Amino acid sequence: MYFAIIGDIINSKSIANRAEFQKKLKGLLDRINSDYYSEIAANFVITLGDEFQGLLTSPEFILEILERIKFAIYPVKVRFGIGIGGIDTEISREMAIGADGPAYYHARNMINELKANEKSKMSAISDIRLKADDKASILDLINSNLSLCSFIESKWTKKQRDLIGEDLLQNQNQSQRKIALKFNLSQSSVQRRFKSAGYYSYLNAQKTVKKILIEEWSAANAQ
């Protein structure tokens, strides 16, 4: 059981300095490969000018990794397709581009589905979508929560995003007091910005998705 992630940069051709952005993205992916070394089967690498991919052995840090990427490259936006399943080819940690199998097929299909949904005014806002061979009702629950997160995030102001990013990227280990000191704000101001941004609903939805992923697809529970 593997967890394939494909990231697709949105409107990449409109990025002012694409060479500089690609350099920044490569450095970011290199840090992720190092920081999550024990969780990675095939390194995150840039595969095309506007795409990158990686392969994980566990679902535990999927959302954490995606958050790091999203906040690091903002205001550039990215859509993510996540596929759960097997890999048919030999896996090389350094050569992720050659890997193939159901996990990558699902991830690719989710990228295509997100692109199609973006063109439909009737579709829910979403920048992350997940697919596996089975457990359709559970996948619906996960994707609904991810869509909720995307909708909430789309409403954040820059000031809200700065504070939320600080909290998320520190894994909620920082107290609001420390965040307030860093941004020269009162603790009550931080609390109000979190509340008005819908951050607690966002956080609860993310925690729910992580819990379900671990319960349903961790190595200990996988059938």
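User: In this predicted model, how do the axes of helix 1 (residues 18-35) and helix 2 (residues 62-73) lie, and what makes the pair roughly antiparallel?

Analyst: The axes of helix 1 and helix 2 come within 11 Å and cross at roughly 155°. Angles over 145 degrees count as roughly antiparallel, and the two helices are therefore described in that way. Their crossing is right-handed.

User: Which residues make the contact between helix 1 and helix 2, and what is its make-up by class?

Analyst: On the side of helix 1 the contact is made by F21, K24, L25, L28, L29, R31, I32 and D35, and on the side of helix 2 by I65, R68, I69, A72 and I73. Sorted by class, these comprise nine nonpolar and four charged residues, with no polar ones.

User: Why is H106 called buried, and which residues are in contact with H106?

Analyst: H106, which is found in helix 3 (residues 102-118), has a relative accessible area of 11%; the cut-off for buried is under 20%, so H106 is called buried. Leaving aside neighbours within four places in sequence, H106 is in contact with G83, I84, K131, A132 and D133.

User: How do you know that the span of helix 8 (residues 199-217) is close to the expected one, and which residues of helix 8 are buried?

Analyst: Helix 8 has 19 residues and reaches 27 Å from its first C-alpha to its last, which is set against the 27 Å expected at 1.5 Å a residue. The buried residues in helix 8 are Y199, Y202, L203, A205, Q206, V209, I212, L213 and W217.

Methods. Residues are numbered from 1 along each chain as its sequence is written. This is a predicted model: local features need pLDDT of at least 70, side-chain atom pairs count only at pLDDT 80 or more; totals for chains, interfaces and linings use all residues. Side-chain values use heavy atoms; hydrogens and water are left out. Axes are lines fitted to C-alpha atoms, for helices over the stretch in contact, and angles run from 0 to 180 degrees between N-to-C directions. Helices (H or I, at least four residues) and strands (E, at least two) are DSSP runs, numbered from the N terminus. Angles under 35 degrees count as roughly parallel, over 145 as roughly antiparallel, 65 to 115 as roughly perpendicular and the rest as oblique. A crossing is left-handed if the near helix is turned anticlockwise from the far one by less than a right angle, and right-handed if clockwise. Contact means heavy atoms within 4.5 Å. Ala, Val, Leu, Ile, Met, Phe, Trp, Tyr, Cys and Pro count as nonpolar, Asp, Glu, Lys and Arg as charged, and the others, Gly among them, as polar. Buried means under 20% relative accessible area, exposed over 50%, partly exposed in between (1.4 Å probe, protein chains only). The expected span of a helix is 1.5 Å times one less than its number of residues.
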